[in-house]
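Here are a few notes to read beside the sequence and the structure. They are meant for someone who has not looked at either before.

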Amino acid sequence: MSEAVAESGLAAYQLAVEAAGIALNLAVKVPAPLKSVADQLIRSASSVPANLAEGHSRNGRDRAHLWRIAYGSAKEVDSHLRLLVAAGAVNRARAEKALTLFDRVRAMTWRLLHPAN
């Protein structure tokens with residue numbers, strides 16, 4: 001693995017931890033009727049840094065598979081968080097911060113999966 005990929009993988013992980021921290025903080029404050037959506041948000045947000053970290057320590061198809069899972073989980077976070085914002089269940093400004101960070105994580109993960117030759 002090239003030095004640039006290693007560094008960008010670690011940067012994506014660090015950003016994912018920050019984004020997930022915000023999302024988790026929002027999810028734990030969601031009212032009871034929407035707890036199932038909040039639970040999905042917790043699982044998907046937690047999955048992003050976990051799969052980036054595990055993929056960072058792997059090689060070949062294992063690495064790409066874990067990074068694809070991280071990318072998909074980041075997309076899933078987007079859906080759950082936007083739904084909770086639309087329902088008025090979470091702070092819009094904090095949710096937008098998390099959405100922006102997860103968007104950056106997705107962009108970084110995409111570049112990890114599709115390196116320039």
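1. A surface patch here is made of residues with over 30% relative accessible area and no salt bridge, and nonpolar side chains are joined within 5 Å. The model is a predicted one. In it, Leu 10, Tyr 13 and Val 17 make up a nonpolar patch on the surface, and together they have about 230 Å² of accessible area.

2. Tyr 13, one of the patch residues, belongs to helix H1, which covers residues 3–27. Its relative accessibility is 31%, so Tyr 13 counts as partly exposed.

3. Is Ser 44 buried or exposed? Ser 44 counts as buried because its relative accessibility is 3%, and the cut-off for buried is under 20%. This serine sits in helix H2, residues 35–56. Neighbours within four places in sequence aside, Ser 44 is in contact with Ser 73, Glu 76, Val 77 and His 80.

4. The structure contains one aromatic pair. The partners are Tyr 71 and Trp 110, with 5.9 Å centre to centre and 50° between the planes, a tilted arrangement. Tyr 71 is in helix H3 (residues 60–86) and Trp 110 in helix H4 (residues 92–113); the two are 39 residues apart, and the pair thus links distant parts of the chain.

Note on methods. Residues are numbered from 1 along each chain as its sequence is written. This is a predicted model: local features need pLDDT of at least 70, side-chain atom pairs count only at pLDDT 80 or more; totals for chains, interfaces and linings use all residues. Side-chain values use heavy atoms; hydrogens and water are left out. Patches are made of residues with over 30% relative accessible area and no salt bridge: like charges are joined within 9 Å, nonpolar side chains (Val, Leu, Ile, Met, Phe, Trp, Tyr) within 5 Å. Accessible areas come from the Shrake-Rupley method with a 1.4 Å probe; for residues, only the protein chains shown count as cover. A salt bridge is a side-chain nitrogen of Lys or Arg within 4 Å of a carboxyl oxygen of Asp or Glu. Helices (H or I, at least four residues) and strands (E, at least two) are DSSP runs, numbered from the N terminus. Buried means under 20% relative accessible area, exposed over 50%, partly exposed in between (1.4 Å probe, protein chains only). Contact means heavy atoms within 4.5 Å. Rings of Phe, Tyr and Trp (its six-membered ring) pair if their centres lie within 6.5 Å; planes under 30 degrees apart count as stacked, over 60 as edge-to-face and the rest as tilted.
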